[in-house]
Amino acid sequence: MASIGFIGLGIMGKGMVRNLLQKSSAPFVVWNRSADACTQLASEFPDRVTVAATPKDVVQAAGTTYCMLSTAEASSAVYDCANGILDGVGEGKVIVDCATLAPDFMCAIDQRVSGKGGRFLEAPVSGSKGPAEQGSLIFLCGGDQALYEAHKDQLLQMGKAAYLFGPVGKGNQMKLVVNMTMGSVMTSFAEGLALCEAADLPTSELLEVLSIGAIGCPMYQLKGPKMASREYAPNFPLKHAQKDMRLALEMGKELGLSLPTTKAANEEYLKALDAHGDEDFSAVYEQSSKKA
């Protein structure tokens with residue numbers, strides 16, 4: 001049985017690879033920029049996980065390699081470094097990249113992988129740490145139909161749904177639409193909580209009213225109580241939410257849309273970035289609750 005590669009065992013990647021390990025019998029080759037995550041995974045699955053010395057070694061050892069890297073800078077470093085991902089790509093190698101990045105960036109990676117004889121599937125995910133651990137992510141893919149179909153079963157071992165939206169680039173376009181909407185809703189929700197608190201109204205009952213009304217949604221139920229108690233353990237770091245808002249605004253500009261609500265929400269994330277960038281994106285509440 002061919003090995004599966006996995007590069008990037010951070011907040012998202014470690015939950016994703018565990019689901020693949022638990023739901024398949026394939027051997028795995030893994031690499032992470034900090035080795036501790038790899039060592040821990042290999043100790044949990046000693047007969048099935050091999051820790052590679054470099055990203056190149058992962059790609060060369062595996063038929064398909066999944067990548068989950070947090071930013072364009074991290075992706076560029078891991079793809080382009082000496083003994084990086086691209087150094088390992090050859091005829092027939094498949095790279096499935098699950099990061100949320102600019103669509104043009106993904107298209108450039110696709111061209112470089114294809115230029116070396118490999119094949120590339122873009123597969124960003126909707127969902128954060130909890131869904132990654134639970135295997136309930138939503139994959140928003142771009143790429144070749146046959147390549148997508150060949151990997152759909154593996155995607156569904158990590159998620160509850162998978163969609164193909166067209167060629168490479170379309171997956172991240174859809175992901176930016178989703179995260180732009182979520183980020184804007186979060187700032188509105190944070191302002192609602194702040195106004196409720198400032199008026200000396202019970203936030204717990206606000207959350208109950210929202211949950212049973214027309215705008216009830218899981219995000220309010222999951223984030224609301226933690227926001228009210230100022231708990232911001234990172235499931236989706238604020239710095240990454242702001243990055244996605246910025247990319248969505250850039251996409252809107254390219255398509256002739258001004259997106260004023262998103263622009264205003266992005267300003268709130270920017271104001272919170274220095275103090276709360278590594279905390280959950282719900283920490284934008286700290287900015288919303290500041291008195292004028």
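Two rings of Phe, Tyr or Trp count as an aromatic pair if their centres lie within 6.5 Å, and a pair is called stacked when the planes are under 30 degrees apart. This is a predicted model, and by that rule it holds 4 aromatic pairs. Let's look at two of them.

Start with Phe 6 and Tyr 66, a stacked pair with 6.2 Å from centre to centre and 20° between the planes. Phe 6 sits in strand E1 (residues 3-7) while Tyr 66 belongs to strand E4 (residues 62-67), so this pair ties together parts that lie 60 residues apart in sequence.

Now for Tyr 163 and Phe 165. Their rings are stacked as well, with 6.0 Å centre to centre and 25° between the planes. Tyr 163 counts as partly exposed because its relative accessibility is 43%, and Phe 165 is partly exposed with 33%.

Here are the two pairs again:

| Pair | Centre to centre | Angle between planes |
|---|---|---|
| Phe 6 and Tyr 66 | 6.2 Å | 20° |
| Tyr 163 and Phe 165 | 6.0 Å | 25° |

Which nonpolar patch do Tyr 163 and Phe 165 belong to? Together with Met 174 and Val 177, they form one on the surface, with about 320 Å² of accessible area in total. Met 174 is found in helix H9, which covers residues 170-198. With a relative accessibility of 30%, Met 174 counts as partly exposed.

Note on methods
Residues numbered from 1 in each chain as written. Predicted model: local features only at pLDDT ≥ 70, side-chain atom pairs only at ≥ 80, totals over all residues. Heavy atoms only, no water. Patch = residues over 30% accessible without salt bridge, like charges linked within 9 Å, V, L, I, M, F, W, Y side chains within 5 Å. Areas by Shrake-Rupley, 256 points an atom, 1.4 Å probe, with all protein chains shown as cover. Salt bridge = Lys/Arg side-chain N within 4 Å of Asp/Glu carboxyl O. Helix = DSSP H or I, 4+ residues; strand = E, 2+ residues; numbered from the N terminus. Buried < 20%, exposed > 50% of the residue type's maximum accessible area, 1.4 Å probe, protein only. Phe/Tyr/Trp six-rings, centres within 6.5 Å; stacked < 30°, edge-to-face > 60°.
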